[in-house]
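User: I am new to this structure and would like to go through it step by step. Could you show it to me?

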Amino acid sequence: MTAQLVHDLELPTLNTIGLERLEALAAIEDARSEHWLARTEMGYCVTRLDDVTAILRDKRFHSALSLLPQMAGLPETTDAGRRRQSILSMEGDGHARLRRLVAPAFTPASANRLRPTMRAVVTDLIDQVAGDGECEFVSDICEPYPIPIICELLGAPPEDWKLFSGWATDIFRIFNGALVEDLPFIERAADELTAYVSDMIAERRAEPRPDLLSDLIAIEEEGDRLSTEEMSMLAEATLMAGTDTTRNQLACCVALFAEHPDQWALLAEQPELAPRAVEESMRYLGAVRATVRFASEDVAYRDVLFPQGTIVSTALAGANRDPDVWEHPNEFDITQERGTAQMTFGAGIHFCMGAALARAELQEALPLLARRMPGLARNGDVTWKPATFGIWGPAHLPVRFDKV
Ligand code: HEM
């Protein structure tokens with residue numbers, strides 16, 4: 001049987017832009033009930049867990065991150081067009097080599113070494129608001145939480161965390177859907193970060209320390225060479241991929257628990273539920289709801305031909321509620337043993353490199369918060385970031401809780 005051209009198929013239309021989070025999930029569910037594939041404004045979208053996984057594991061589909069400048073209408077002559085590649089957008093042997101080299105720095109064991117720092121940072125943040133019985137959870141807890149941890153991972157002094165925070169905020173503008181206006185901020189932040197990291201690398205060449213950059217330099221000395229530029233790209237990718245994601249995911253988790261006070265109380269009583277609480281909240285309300293690929297060649301998948309260049313989004317949020325996979329997908333229950341892995345860290349060659357670190361950050365923060373903020377409830381409306389944001393969550397989350 002010859003594959004049918006995707007453009008010729010009769011498909012449901014899926015447009016989640018501008019929809020509230022529950023409306024977006026309902027739209028995905030409607031589309032999924034009609035067909036495994038949907039037509040979107042950008043191209044196509046898969047919404048079932050098996051298709052999402054298959055597309056992300058299929059090496060003929062490449063990350064669409066490299067297409068962002070072009071999709072935003074930027075001329076190829078701009079710096080953004082020429083910028084060096086990021087691990088997030090690389091493919092093939094070059095990508096596999098980098099993943100292999102840096103994997104030892106991102107194991108659960110190396111994440112565990114940072115757990116005392118995580119506990120100290122979150123305890124300090126809670127101390128600052130605990131006496132008030134209320135806070136703006138996003139700016140008071142989520143925003144400052146991940147940066148000192150990434151600073152420690154990289155080996156930057158804690159007093160520089162504000163610099164890193166500013167660079168991260170500006171570099172993240174890349175995902176906000178207004179690349180043409182945001183480009184000057186993005187480029188300036190990326191250049192400053194590169195200069196800072198290059199200095200750090202020079203210092204560590206002279207005097208190694210127990211941190212990520214020294215580990216990367218040690219790798220270089222064992223034969224396979226990581227250039228200074230590659231190391232600095234990895235530091236930038238770690239900062240970029242490792243801060244806003246964690247912030248937003250923590251805010252998503254807490255917004256969700258504020259709607260489920262019984263589960264919050266349970267987590268306070270049984271902190272050993274933390275790993276399951278993290279997986280269940282990431283399944284139910286993930287900060288990364290989709291990731292985008294394009295066909296790098298003509299690809300036949302499930303008897304459908306995707307011509308070279310076709311954009312295919314993979315709806316991680318849809319996969320996380322696929323009724324063919326999950327029992328009671330719309331129930332949030334941190335006590336339930338779920339047999340399938342949640343999809344918010346992606347899949348395939350770009351599967352989140354910082355998953356162990358992110359899991360540790362959330363597993364440390366959530367039970368501490370539950371214990372120190374009993375009776376958590378919303379203290380006003382939650383404002384959600386626009387649906388166009390690739391890394392998404394509450395923009396404002398006012399909460400109140402019992403003073404202890
Ligand atoms: C809860 C927090 C996080 C979430 C939800 C998350 C989610 C993701 C997802 C979905 C991808 C795959 C993107 C794609 O397929 O296009 C990814 C990749 C990546 N993540 Fe995370 N992430 C989180 C935290 C972190 C942290 C803490 C770090 C680093 C310290 C990190 C580093 C990376 C890197 C370097 C990649 C690129 C891997 C590659 O392309 O090979 N992430 N993340």
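**A first walk through the model**

Analyst: S63 sits in strand β4, which spans residues 61-63; helices (H or I, at least four residues) and strands (E, at least two) are DSSP runs, numbered from the N terminus. This is a predicted model, in which local features need pLDDT of at least 70, side-chain atom pairs count only at pLDDT 80 or more, and totals for chains, interfaces and linings use all residues. Residues are numbered from 1 along each chain as its sequence is written, and side-chain values use heavy atoms, with hydrogens and water left out.

User: Is S63 buried or exposed?

Analyst: S63 counts as buried, at 6% relative accessibility. Buried means under 20% relative accessible area, exposed over 50%, and partly exposed in between (1.4 Å probe, protein chains only).

User: And what does S63 touch?

Analyst: Not counting residues up to four places away in sequence, S63 touches L88, S89, E91, V292, R293, F294 and H350. Contact means heavy atoms within 4.5 Å.

User: Where is S89 placed?

Analyst: S89 is in the loop between α4 (79-82) and α5. This residue is buried, with a relative accessible area of 12%. Leaving aside residues up to four places away in sequence, S89 touches S63, L65, S66 and H350.

User: Let us turn to the ligand. How many residues surround the ligand?

Analyst: There are 27 residues around the ligand, and the closest are H95, T291, R293, H350 and C352. A residue is near a molecule or strand if one of its heavy atoms lies within 4 Å of it.

User: What are the polar distances there?

Analyst: An N or O atom in the side chain of T291 is 2.7 Å from an oxygen atom of the ligand. For R293, a polar side-chain atom lies 2.6 Å from an oxygen atom of the ligand. For H350, a polar side-chain atom also lies 2.6 Å from an oxygen atom of the ligand. The elements that give two or more residues to the shell are α5 (92-102), α13 (228-258), β6 (290-295) and α17 (355-372).

User: Which element gives the most to that shell?

Analyst: That is α13, with 6 residues. By class, the shell has 13 nonpolar, 11 polar and 3 charged residues. Here Ala, Val, Leu, Ile, Met, Phe, Trp, Tyr, Cys and Pro count as nonpolar, Asp, Glu, Lys and Arg as charged, and the others, Gly among them, as polar.

User: C352 was on your list. Is C352 buried, exposed or partly exposed?

Analyst: C352 is partly exposed, with a relative accessible area of 26%.

User: While we are on cysteines, how many disulfides does the structure hold?

Analyst: The structure holds 0 disulfides, a disulfide being a pair of cysteine sulfur atoms within 2.5 Å. C253, for example, is in no disulfide, and the nearest cysteine sulfur, that of C252, is 6.9 Å away. C253 counts as buried, at 0% relative accessibility.

User: Now helix α14. Which of its residues are buried?

Analyst: In α14 (residues 261-269), Q263, W264 and L267 are buried. They are on the same side of α14 because they cover an arc of only 105° around the axis; the arc is that of the directions from the helix axis to the C-beta atoms. On the other side of α14, D262 and E269 are exposed.

User: What covers the buried residues of α14?

Analyst: The cover includes α13, α15 (274-284) and α17.

User: One last topic, the backbone. What is phi of D303?

Analyst: Phi of D303 is near 65°, a positive value in a residue other than glycine. Most residues other than glycine have a negative phi. D303 is in the loop between β7 (299-301) and β8 (304-306), and this residue is partly exposed, with a relative accessible area of 42%.

User: And what about phi of H328?

Analyst: Phi of H328 is near 45°, again a positive value in a residue other than glycine. H328 is in the loop between α16 (316-319) and α17, and H328 counts as partly exposed at 45% relative accessibility.

Conventions:
Polar contact = N/O pair within 3.5 Å; in protein donor to acceptor, adjacent residues only side chain to side chain.
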